[in-house]
Amino acid sequence: MREIACDVAVIGAGTAGIAAYRAARKAGARTLLIEAGPGGTTCARVGCMPSKLLIEAASAAQAARDAGLFGLHVPEVGIDGRAVLERVRRERDRFVRLVFEDLETFPDGERIAGRARFLDRDRLAVGEDLRVRFRAAVIATGSSPAVPKPLAGLGARVLTTDTVFELPDLPRTLAVIGGGPVGIELAQAMARLGIETTLIEGGRSLAGLSEPGLVAEAAEIFGRELTLHLETEVEAAEADCDGLRLRWCAPRGEPREARFERVLAAAGRPPNVTGLGLEAAGLDLDGSGVPRFDPGTLRCGDAPVFVAGDANADRPVLHEASRQGGIVGVNAAALAGHGGSEAPRRWPPLALVFTHPQAGRFGAAYDPEAGDGRLTGRASFADQGRARIAGTNAGGAVIFADRSGRLLGGEMLGPGAEHLVQGLAQAVWDGRTVQDLLDRPVYHPTLEEGLSDALRQIGSSIS
Ligand SMILES: Cc1cc2nc3c(=O)[nH]c(=O)nc-3n(C[C@H](O)[C@H](O)[C@H](O)COP(=O)(O)OP(=O)(O)OC[C@H]3O[C@@H](n4cnc5c(N)ncnc54)[C@H](O)[C@@H]3O)c2cc1C
Ligand SMILES: NC(=O)c1ccc[n+]([C@@H]2O[C@H](COP(=O)([O-])OP(=O)(O)OC[C@H]3O[C@@H](n4cnc5c(N)ncnc54)[C@H](O)[C@@H]3O)[C@@H](O)[C@H]2O)c1
């Protein structure tokens, strides 16, 4: 048994862990980065990057199909599923390689391969042969796809984002379970790549939207390309030759059954906290087994332990994993006697879903109880100039402000949400009012003009 000591032990070499390692090391702490899996980060290997690569292939196919709108004739769109997936993997491997090239610049001996678990408040076991004594530890273990119970034990017929990008070819039929960001992005992409796709969602909402008008519009828009079953859960699944049969109950109670070549479980991503020995570390855990933590410092109670990224289940998106990693790195180093600690102001929430139209949320969430405390403005993209030019005129935006007109947050389902929502999130961060935004220049003809109706409605309710 080998035993080593360090100031800061970082568990997980994903986006949060790498940022934590860098920050702790920069503060002067002797830091170890421990990784159990193949590494390369969830984002590059099985997350953001391969999903967007698949979406771009699907968008190209759809653009060719839609060319008739502009008077162009594309006789038939042929989809070579093998070639599509090969490009996804080729480009994905490049992103993963870049992560490894970066990791290789870290000194030898500071990167450790193995699965870590806490033995007590200041020791970790890594695999069977190594013990690590730490002064502070960072949990940056990420999250993994959940597979709903009825789908357990059905082998390779059941895909998750860990396996879907490894398919040699596209299936002919696909059921996607879950209409959150993962499910709706991949379901729409698969449908646009010619796969007959059915999406089964336990709730009413798609793409993480919550404002009722946008929720209804999303079901209508995505339902044109997908067979949608909302408020539905799969009750049973059984293997059928190379595919599987799924059984579910429609909301009004009629039993339904269908056969699919493959099913993609996109039913959420619980944090990777089981088997970590969190009780041995003396951490206070919530009902899901996630350590309770201070949202400013990301420290777990008074233990010398911090939690960042998907592992804390708070804001499971990349930019937060990266920022939180940096914060815990500084704070873990400070606890180990290197530099000062920090609790920077939290960024406003920001989430995007790369569907067509895109969905996005920024700042304060929709609150049905907000009543008179909030002013609300709405805009529609159905007749918005630039969106009409591009043939992407669908969806809308809802913006919330306080009674003085200070921007609080909002939601959007529409073209260019990835730019519009980011701009609005930055305006929330800067404490801007609706009037500040109305007083700024906006070029014509752009999608940005599409927000002015919502902003003006709020402005006029103040005056
Ligand atoms: C399909 C998909 C698409 C996505 N698209 C986007 C997007 O477009 N934009 C966006 O912002 N976000 C997106 N996300 C979310 C984003 O990928 C994650 O929020 C982010 O990658 C989380 O980073 P992390 O560092 O917390 O975790 P990870 O990158 O998962 O790192 C955790 C690491 O810890 C390791 N580990 C786990 N347990 C142990 C242990 N006991 N010992 C040692 N090591 C351990 C794991 O092997 C892993 O390498 C997407 C996610 C998915 C799945
Ligand atoms: N574009 C992006 O930024 C992007 C893309 C993908 C993922 N992500 C991140 O990853 C996180 C996880 O995404 P996700 O979509 O996997 O999870 P999610 O928790 O956001 O959504 C899961 C959905 O599955 C449904 N569901 C759960 N169990 C079900 C069942 N048995 N039957 C039917 N429906 C069921 C839930 O009602 C929910 O709508 C997101 O919160 C997001 O932060 C981001």
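Which ligand 1 atom lies 3.1 Å from a backbone N or O atom of Ala36? A nitrogen atom. Before I go on, the basis: this is a predicted model, where local features need pLDDT of at least 70, side-chain atom pairs count only at pLDDT 80 or more, and totals for chains, interfaces and linings use all residues. Residues are numbered from 1 along each chain as its sequence is written, chains are lettered from A and ligands numbered from 1 in the order in which they are written, and side-chain values use heavy atoms, with hydrogens and water left out.

Ligand 1, then. It is surrounded by 33 residues, the closest being Ala16, Glu35, Thr42, Lys52 and Asp310; a residue is counted as near if one of its heavy atoms lies within 4 Å. The polar contacts I list are pairs of N or O atoms within 3.5 Å; within protein, one atom must be able to donate a hydrogen and the other to accept it, and residues adjacent in sequence count only if both atoms are side-chain atoms. On its own ligand 1 has 1000 Å² of accessible area, and the protein covers 89% of that; areas are by Shrake-Rupley with a 1.4 Å probe, and for residues only the protein chains shown count as cover.

Where does that shell come from? At least two residues each are supplied by helix H1 (15–26), strand S3, helix H2 (42–45), helix H3 (48–65) and helix H7 (318–335). H3 gives the most, 3 residues. Helices (H or I, at least four residues) and strands (E, at least two) are DSSP runs numbered from the N terminus. By class the shell has 15 nonpolar, 13 polar and 5 charged residues. Nonpolar here is Ala, Val, Leu, Ile, Met, Phe, Trp, Tyr, Cys and Pro; charged is Asp, Glu, Lys and Arg; the others, Gly among them, are polar.

S3 (residues 31–35) belongs to an open sheet of 5 strands, in the order S4-S3-S2-S8-S17, with parallel pairing. Its edge strands are S4 (111–113) and S17 (305–307). S3 pairs with S4 over 3 bridges, where two strands pair if DSSP finds at least two bridges between them.

Now ligand 2. Its shell holds 22 residues, with Glu185, Glu201, Gly202, Pro316 and Leu352 closest. A polar side-chain atom of Glu185 is 2.7 Å from a nitrogen atom of the ligand, while an N or O atom in the side chain of Glu201 is 2.6 Å from an oxygen atom. The protein buries 72% of the 850 Å² that ligand 2 exposes when taken alone. Helix H5 (181–192) and strand S18 (350–353) are the elements that give two or more residues to this shell, and the largest share, 3 residues, comes from H5.

Why is ligand 2 placed between two domains? Because domain 2 (149–265) and domain 3 (350–461) both give residues to its shell; the bounds come from an automatic or database domain assignment.

Last, S18 is an edge strand of an open, antiparallel sheet of 5 strands, ordered S18-S19-S22-S21-S20.
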